[in-house]
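This report describes selected side-chain interactions and the nonpolar packing of one protein model. The sequence and structure are shown first.

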Amino acid sequence: MGPSVLRSTSAHVFVDADLLDGDDIALDDDVEHHLRRVLRLRDGKTVGVTDGEGRWRLATVRATTSVLTLESATDVVVEERPAPITIAVAIPKGDRLDWLVQKTTEIGVDRIQLLHAERSVVRWRPEKVATQLARLERVAEEACRQSRRVWRVEILAPVDAVAVLADVVVAEPSGRRFASGDRAIAVGPEGGWADTELALAAETATLGANVLRTETAAVAASALCVAFNR
């Protein structure tokens with residue numbers, strides 16, 4: 001039974017690892033509310049259940065007028081984690097970052113490394129990092145549920161771009177074409193990379209002739225990485 005069967009499920013939820021192994025899968029109040037009140041799932045519907053660490057199974061909805069529970073319908077399947085795809089990206093303005101996280105998660109990125117570049121406009125204050133990351137993790141989990149992923153996305157706190165540019169392919173208009181094996185891509189701020197940052201890049205790759213917003217470039221790079229490597 002492969003992960004493709006999850007495409008046909010009525011919903012997809014995340015639970016703690018120890019709950020996944022039971023015959024009756026307990027749900028927290030928020031998940032139960034979402035399935036019963038928002039999605040309005042009825043008795044007998046099939047739901048995918050995962051711990052976000054590659055383990056998943058199918059379950060059957062058991063619903064009454066007052067409560068909804070899940071009954072295990074298959075054995076637990078363990079999916080091997082593929083070689084990770086990483087997008088390192090300068091933080092865009094406003095709610096564009098939420099959109100970026102949502103779309104790159106749906107496409108199949110495994111790790112999102114946030115960057116403070118020399119020309120970045122948005123820089124997180126240290127006291128706000130934990131709150132901001134928690135918000136993005138919620139966005140990513142919702143996107144994981146929608147796209148039926150069985151591995152969570154890792155979102156890493158901002159670091160200075162110069163700390164990572166030597167270890168990734170840097171998106172830059174003058175670069176080479178994307179190729180198989182490009183699994184870690186850095187996308188700069190809308191003002192572009194500084195010359196001092198480009199000097200650190202081991203390789204650069206182009207996303208095309210057009211000028212892209214940061215979040216658009218991140219989605220384009222994600223799609224190319226997935227297309228070449230999955």
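The side chains of Arg135 and Gln132 make a polar contact at 2.9 Å; such a contact is a pair of N or O atoms within 3.5 Å, where within protein one atom must be able to donate a hydrogen and the other to accept it, and residues adjacent in sequence count only if both atoms are side-chain atoms. Arg135 belongs to helix 4 (residues 129–147); helices (H or I, at least four residues) and strands (E, at least two) are DSSP runs, numbered from the N terminus. With 24% relative accessibility, Arg135 counts as partly exposed, a class lying between buried (under 20% relative accessible area) and exposed (over 50%), computed with a 1.4 Å probe on protein chains only. Arg135 and Asp98 are separated by 37 residues in sequence, and their C-alpha atoms are 8.7 Å apart in space.

The model is predicted, so local features need pLDDT of at least 70 and side-chain atom pairs count only at pLDDT 80 or more, while totals for chains, interfaces and linings use all residues. Residues are numbered from 1 along each chain as its sequence is written, and side-chain values use heavy atoms, with hydrogens and water left out.

**Salt bridges**

The whole structure holds 18 salt bridges, each defined as a side-chain nitrogen of Lys or Arg within 4 Å of a carboxyl oxygen of Asp or Glu.

| Pair | Closest N and O atoms |
|---|---|
| Glu32 and Arg36 | 2.7 Å |
| Glu71 and Arg62 | 3.5 Å |
| Arg176 and Asp182 | 2.9 Å |

Glu32 and Arg36 both lie in helix 2 (residues 29–38), four residues apart, about one turn of the helix. Glu32 is buried, at 13% relative accessible area, and Arg36 is buried as well, at 16%. In the second pair, Glu71 is partly exposed at 32% relative accessibility, and Arg62 is partly exposed at 34%. Elsewhere, a network of salt bridges links Arg96, Glu190, Arg213 and Glu215.

**Nonpolar cores**

In soluble globular proteins, nonpolar side chains tend to be buried together. A nonpolar core is here a set of buried Ala, Val, Leu, Ile, Met, Phe, Trp, Tyr and Cys residues joined through side-chain atoms within 4.5 Å. The largest such core has 31 residues, and those with the most contacts inside it are Val89, Val101, Leu114, Trp124, Ile155 and Ile185. Elements giving two or more residues to this core include strand 7 (86–90), helix 3 (96–107), strand 10 (169–176) and helix 6 (214–229). Helix 4 supplies the largest share of this core, six residues. Apart from this core lies another, of 15 residues, among them Ala11, Val15, Leu27 and Val61.

Beyond its neighbours within four places in sequence, Leu114 is in contact with residues including Val89, Ile91, Trp124, Leu133, Leu136 and Ile155; contact means heavy atoms within 4.5 Å.

**His116**

Which strand holds His116? His116 lies in strand 8 (residues 111–116). His116 is buried, with a relative accessible area of 13%. Leaving aside its neighbours within four places in sequence, His116 is in contact with Ile91, Val122, Arg123, Trp124, Pro158, Val159, Asp160 and Ala161.
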